[in-house]
Amino acid sequence: RILALAALVFVAGCSQEVAQVVVLVATDYTVPMEMGGVRAVGQSDSGDVSTTDFDLLNDSIRPPFSFGLRPEDPEERTDAVLELEAMGPGVDGMLQISREFVEFPEEVTYLLPMFIPRICAGQVCPQGRTCSIDGQCVSNEVRVSDLQQIDDEGEELVPNECMVGTRRCRD
C-alpha cells in the first residue's frame with residue numbers, strides 16, 4: 001500500500017536505496033471478533049500527516065502484517081510519530097492507539113515491531129507516551145540503535161520476544 005502526503009510515504013515494497021522503517025504489526029486481539037482494522041497515521045516533524053487503513057475484515061491481511069514508512073524526499077532527514085489506531089469490528093470505533101516516535105536512518109532499513117495489546121483498550125496516554133504490554137504509559141521514543149536492521153528484501157519478519165509480550169520493551 002502506498003500513501004503520500006507532504007513528508008511521509010507508506011510503502012508496500014522495500015528498497016535498500018532510501019532510509020525506511022518496516023513496521024511489523026502484531027496484537028493479542030482476536031481478529032475479526034474483537035478488532036476489524038488498523039489505521040496507521042504518520043506525522044512528520046514538520047507537521048505533515050499521512051494516513052492509511054488496513055481493513056482486517058475484508059482484506060486478505062491478518063496480524064502479524066507489515067508495511068513500510070519512509071520520508072517522501074529521501075534527501076530530507078526527518079523524524080515522525082507513527083500511531084496505530086486499533087479499530088473495532090463494527091461501528092464501535094477506535095479501541096486504542098499505540099504510538100511510536102520514529103527517527104529515519106540514513107539509507108538503511110530497520111524493523112520497528114509494534115504490538116497492540118488488549119490490556120490497553122480504552123487507555124489514553126499523554127503526549128510522548130504509549131501504552132506498553134503491561135498496560136503502563138511509557139515513553140514512545142524508539143532509538144534506531146535498538147532496532148533490528150533488515151538486510152534482505154526477502155528476509156522473513158519474525159516478531160521478537162518484545163513483540164509477543166514476554167518482556168518489557170522499554171526502559
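Visitor: Which residues have the most contacts inside the largest nonpolar core?

Guide: A nonpolar core is a set of buried Ala, Val, Leu, Ile, Met, Phe, Trp, Tyr and Cys residues joined through side-chain atoms within 4.5 Å. Buried means under 20% relative accessible area, with a 1.4 Å probe and protein chains only. Here the largest such core has 28 residues, and Val23, Val38, Phe67, Leu82, Leu84 and Leu112 have the most contacts inside it. This is a predicted model, in which local features need pLDDT of at least 70, side-chain atom pairs count only at pLDDT 80 or more, and totals for chains, interfaces and linings use all residues. Residues are numbered from 1 along each chain as its sequence is written, and side-chain values use heavy atoms, without hydrogens and water.

Visitor: Which strands each supply at least two residues of this core?

Guide: Strands are DSSP runs of E, at least two residues in length, numbered from the N terminus. The contributors are S3 (20–27), S4 (37–44), S6 (65–71), S7 and S9 (109–116). In S7, seven of nine residues are buried.

Visitor: In what order do the four strands form the open sheet?

Guide: Two strands pair if DSSP finds at least two bridges between them. The order is S5-S4-S7-S8, with antiparallel pairing. S5 (49–55) and S8 (94–103) each have a single partner strand, so one side of each lacks a neighbour in the sheet.

Visitor: How many bridges join S4 to S7, and how many pair S7 with S8?

Guide: Eight bridges join S4 to S7, and Val38 stands opposite Ala86. S7 (residues 79–87) pairs with S8 over nine bridges; there Leu82 stands opposite Glu100, and Leu84 has Ser98 as its bridge partner.

Methods
Buried means under 20% relative accessible area, exposed over 50%, partly exposed in between (1.4 Å probe, protein chains only).
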